[in-house]
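Hi everyone, thanks for coming along. Please have a look at the sequence and the model on the screen, and then I'll walk you through a few places in it.

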Amino acid sequence: MVESEIAERIAARRAELDELEDLVKQLDQVRDERDELAVAERVWRRMAERFAGERVAAAPAAVQVAGRAVLLVPHREGGVDEAVLPPECQRILAAVRQAGAPVATRAVGETLGLDTGVRGKLEPLRGKLTRLAERGWLRKQPDGRYAVRL
């Protein structure tokens, strides 16, 4: 073998090894990124489980009050539909919506067929309207009237 041929082979092999070294560096980067993705996936799963738990907690829950089962009114959120509300609250929302403008408690009571001449009959309704407003289903006006939140 001639010295120039040996020098060429050595240079070619050095170039191959340099290429392999670049591949090893790329492999290390790929492994690091894969490890980061595994951590991100674990965090994502943990957060998804937590959010699923919060959604379950936000769902209406039945509780006992004075020996009666009472359904709690959930907060209104982006994906929550009126169907999660108890039927009585759905009727109240429908009555307020039917009015088409901010409406007083007495008018809602009349629409629902309550005896509006007795103040004691309106107070539970006022409480439900207030609760619906606090949870984001209705909007309470400064003058005490209620409107449907869009």
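Let me start with a term: a salt bridge here is a side-chain nitrogen of Lys or Arg within 4 Å of a carboxyl oxygen of Asp or Glu. By that rule, this structure has 7 salt bridges. Before we visit some of them, please keep in mind that this is a predicted model, where local features need pLDDT of at least 70, side-chain atom pairs count only at pLDDT 80 or more, and totals for chains, interfaces and linings use all residues. Residues are numbered from 1 along each chain as its sequence is written, and side-chain values use heavy atoms, with hydrogens and water left out.

Let's begin in helix 1, residues 3-58. Helices (H or I, at least four residues) and strands (E, at least two) are DSSP runs, numbered from the N terminus. Arg9 and Glu5 form a salt bridge, 3.7 Å from N to O. They are 4 residues apart in this helix, so about one helical turn separates them. Further along, Glu41 pairs with Arg45, with the closest N and O atoms 2.9 Å apart; these two are also 4 residues apart in helix 1.

Now, which residues touch the most other members of the largest nonpolar core? They are Leu85, Val96, Val108, Leu129, Leu132 and Leu138, out of 18 residues. Helix 2 (87-99), helix 4 (119-134) and strand 4 (146-148) each give two or more residues to this core. By nonpolar core I mean a set of buried Ala, Val, Leu, Ile, Met, Phe, Trp, Tyr and Cys residues joined through side-chain atoms within 4.5 Å. Leaving aside neighbours within four places in sequence, Leu85 is in contact (heavy atoms within 4.5 Å) with residues including Val73, Leu93, Leu132 and Trp137.

Last stop: Arg145, in the loop between strand 3 (138-140) and strand 4. Arg145 is partly exposed, at 33%. Beyond four places in sequence, Arg145 touches Pro102, Val103, Ala104, Arg139 and Lys140. Arg145 and Val108 are 37 residues apart in sequence, with their C-alpha atoms 9.9 Å apart in space.

Terms used: Buried means under 20% relative accessible area, exposed over 50%, partly exposed in between (1.4 Å probe, protein chains only).
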